[in-house]
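Biologist: Could you walk me through this one? I'd like to go from strands to domains and then to the chain contacts.

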Amino acid sequence: MLEIKNIKKSFGGVKAIKGSDFIIEKNKVTALIGPNGAGKTTLFDIIAGLTRPDEGHIIFEEKDITKKEPHKIANLGISRTFQQVRLFKNLTILDHLQMVEDNKDMGLLKNIFTNKKRSDKKYEQVLENFGIKRTLDTYISDLSYGQRKLLQIAMTLEKSHKLLMLDEPVAGVNKVIQSDIENLLLKLKEENETILLIDHDMEFVRKLADHVIALDAGVVICEGTPDKVLKNKKVLEAYLGE
Amino acid sequence: MLSAFFIHIAVIIVIYAILAVSLNVAVGYTGLLNLGHIAFFGIGAYTSALLTKNDVPYIMALLASGIFASVFGWLLAKITSRLKGDYLSLATLGFGFVVYAVMLNWSKLTRGPLGIAGIEKPNIFGWYLKGSGSYLIFASIIAAIIIFIIYKIVKSRYGRLLEAVRDDAIGAQALGKNIYKLKIQGLMISAFFAGIAGSLYAHYISYIDPSTFFISDIIVIFTIVIVGGLASLRGSVISAIIILGLPEMLRFVDLPSSMIGPMRQMMFAVILILILMFKPRGLFGKIDLE
Amino acid sequence: MFFQLLINGLIAGSIYALIASGFSIIYTTNKFVHFAHGSTATVAAYFLYWIFSNFGLPLYLVFPLTILIAALFGFLVHLLIYLPLKKRKSSSVILLIASLALMAFFDNLMQLLFGADVKILSIFPHGKGIEILGAYITPIQIVILIVVLLLFFGLWAFSKYSKLGKIMRAVSDNPELAKTTGINSIRVQHWSFVIGSAIAGLAGILIALEHNIEPAMGTHLMIQGFTAAVIGGVTSIPGSIVGAYVLGLTENFGIWFLPSGYKSAIAFVLLLIFLIIRPQGIFGINQGNRDQKM
């Protein structure tokens, strides 16, 4: 479904990605692991079009998307979260959920004079499904960190997508929300979603992932089944050697 | 005599309210800190003055001034689309100065520093706006329509997207929204209404020259917008009344007229600095200037 | 014609360089655009005019006093306006708006105090000048060239060998690190305002001698000084000096092709071009002033 072909990227002389190659298969959960600074988030940004690689190609469903603009990539069906949540702090939950529904809001004239009724029911259902106990008119600045994280995941899932990219979905949240999110991910796996995930919890990766790719200092050092990768000597060194 | 003076102030307030509300679309709602807004005002004023001088009907000229200003809004947005922060603001300031320099030097078209005199009063399908009173009514109607349209825009789902671009452009991109298009449109909407305000100004004062549109005059408009509060239309309107009304008190103090001009400008500058220091959200603002 | 334009370009460049280098000194340690820097030169020029026409002080006292006043002015602006704003964690954009307001304030204050008309300071009579290769250069212009050269040499030595100069470079390279090593960054910022403004004071004097004095001179000067700094890279002091000469020469040779009224527009066209195509300037380093990608 997604092919990473010989991607290279350096920032001001520092090589962040030194030629990565791998494939994300449809209906599988692929986990990207590696110590901090291994280049995982950079790779996410390159796939999403936010960072342009120096070399290499990203192929999504047989199409080269390397040079596409970020919003076009998103609209092709790559839906992602960010490690640091990126929500709009002066807007409400409702505004956010409406935004992911479709791109009809991009039309200026269509929107000024048509006042569509709010279908609160549907959105309230989303909040309930994700365990966000707030009203639709709550501003983002009033949400807790965990709630923001949940809302971001909710939006990523609600947006029509073929591939989900989740960047440390449980980082920084409390134990309760962490297990909520993890259960949610296990459910997504059952529903055969295609997921690319960055996570540090090896036990959880072993449970969730079909395929694991270990990255260190900008290179893929090992890939395969969770059991194989997590026992690999180089992987253990990369983690312990930090 | 006194009432004529109040009507004059009222017309100026109405025109600046449009200018402030339109700037708020760019700065407050879309997050584009445009320091060259005064250029759109000037482009609108010159467009309308020159067209009516060449026998174009007033209403056509009014619309053309908005459209022409928004073409420049498109241009400015295009050339600065990759800039942010200080650099965006400075490039917009630069744009304002280039427009000013063109007004000053393209004498064949603009008559340079001499300016354009004798700009006719509007004649709208037989309604001839000769007096200040009728002009105030006309300008107020236009302002009401503009504020209503802008209100509809910012409250719509589209308006939410502009705010999303302001709050987190990358987040908006990840949701599949074309932020470049939104920024361009935000600036074009802002420029369009500033151009209309320019036309209203030109036909009211009946004489324009480049000095009215020099970049230092951006201070007044920014003072109005920031005192009123970012992303608050009501704030901009109320603030226009306060900020422009207040210095008129100077007229009741016995001062030579050569001193009133600079003192007004100094007052605006002091108010702007004080509000940035003590209440940067202004009177009705809900968002921070970043 | 060519040599005359060359000389005019070098003179203009020297004056822009004075504004640009002072501006850069302030920018590198403070990281915001102090647009009211041009007003410092205006205030200095008017002070010189006032003291010269009212008191019979000798010139060797008048000039240093003017520079001192400029330095004090810059220090007070930083202490009373910018520092409180920084303490509120105001963004650099807010500081930029505040600096524009300051500029408007002082331009109008000078107009209020001295009137809108142009003041002429007749300390040295404007002679016809000396002829070199068919071009004329006045004694004041020669003085400008020499003073500016000396100043740049001084600045270079200051930043290379003095303790404060080294600290300033450290703060500008990495403010966070400088803080952890115990450098009092506010003091360094104060000093950068003092030094930068003193140089602006010198610029004010030289402009008062070479041209005339008027309330809006600071604004126009700042547009050019700032453009020069951007051309060279605002974070590089030598860069901004080179940028100033690039601008001065471009403006003066530009009137071969354009009506002279466009002279001031050349600055802004160059400014726009550099901001858009190469915002880090010729010598500066890119510091995240634009969106990633592209």
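Modeller: Let me begin with strand 3 (residues 29-33) of chain A, which is mostly covered, with five of its five residues buried; buried here is the class with 20 or more other C-beta atoms within 10 Å of a residue's own, against exposed at 12 or fewer and partly exposed in between, with C-beta atoms placed from the backbone. Strands (E, at least two residues) and helices (H or I, at least four) are DSSP runs numbered from the N terminus. This is a predicted model, where local features need pLDDT of at least 70 and side-chain atom pairs count only at pLDDT 80 or more, while totals for chains, interfaces and linings use all residues. Residues are numbered from 1 along each chain as its sequence is written, and chains are lettered from A and ligands numbered from 1 in the order in which they are written.

Biologist: Which residues of strand 3 of chain A point which way?

Modeller: A:Val29, A:Ala31 and A:Ile33 point one way, A:Thr30 and A:Leu32 point the other way, and all are buried.

Biologist: And which strands is strand 3 of chain A joined to by four bridges?

Modeller: Strand 3 of chain A runs parallel to strand 8 (residues 194-198) of chain A, joined by four bridges, and A:Leu32 stands opposite A:Ile198 there. Four bridges also join strand 3 to strand 9 (residues 211-216) of chain A, again in parallel, and in strand 9 the bridge partner of A:Ile33 is A:Ala214. Pairing here requires that DSSP finds at least two bridges between two strands.

Biologist: What about the open sheet in chain A, what's the strand order?

Modeller: Four strands form that open sheet in the order 2-1-4-5, with antiparallel pairing. Strand 2 (14-24) and strand 5 (63-64) of chain A stand at the edges with a single partner strand each, so one side of each is left without a neighbour in the sheet. Strand 1 (residues 2-11) and strand 2 of chain A pair over eight bridges in the antiparallel sense, and A:Lys9 stands opposite A:Ile17 in strand 2.

Biologist: Switching to domains, how is chain A divided?

Modeller: Chain A has domain 1 (1-77 + 161-242) and domain 2 (86-160), with bounds that come from an automatic or database domain assignment. Taken over C-alpha atoms, 26 Å separate the centres of the two domains. In chain A, 10 residues of domain 1 are in contact with nine residues of domain 2, where contact requires C-beta atoms, placed from the backbone, to lie within 7 Å. Helix 7 (residues 175-190) of chain A gives the most to the domain 1 side, with three residues.

Biologist: What's the class make-up of that domain 1 side?

Modeller: The side of domain 1 of chain A that touches domain 2 has five nonpolar, four polar and one charged residues; Ala, Val, Leu, Ile, Met, Phe, Trp, Tyr, Cys and Pro count as nonpolar, Asp, Glu, Lys and Arg as charged, and the others, Gly among them, as polar.

Biologist: Now chain B. How many of its residues are in contact with chain C?

Modeller: 36 residues of chain B are in contact with 40 residues of chain C. Helix 4 (85-105), helix 10 (218-228) and helix 12 (257-278) of chain B are the elements that give two or more residues to the chain B side, and helix 4 gives the most, with 13 residues. The residues on that side divide into 25 nonpolar, seven polar and four charged.

Biologist: And what does the contact between chain B and chain A take from each?

Modeller: That contact takes 23 residues from chain B and 25 residues from chain A. Helix 7 of chain B gives the most to the chain B side, with seven residues, and the residues of that side divide into nine nonpolar, six polar and eight charged.

Biologist: Last topic: which residues touch the most other members of the largest nonpolar core?

Modeller: Of its 261 residues, B:Ile18, B:Leu272 and C:Ala101 touch the most other members; a nonpolar core is a set of buried Ala, Val, Leu, Ile, Met, Phe, Trp, Tyr and Cys residues joined through C-beta atoms within 7 Å. The largest share of this core, 16 residues, comes from helix 9 of chain B. Domain 1 and domain 2 of chain A both give residues to this core, so it lies between them.

Biologist: What does B:Ile18 touch?

Modeller: Not counting residues up to four places away in sequence, B:Ile18 touches B:Ala143, B:Ile146, B:Phe193, B:Ile196 and B:Ala197.

How values were computed: Contact = placed C-beta atoms within 7 Å.
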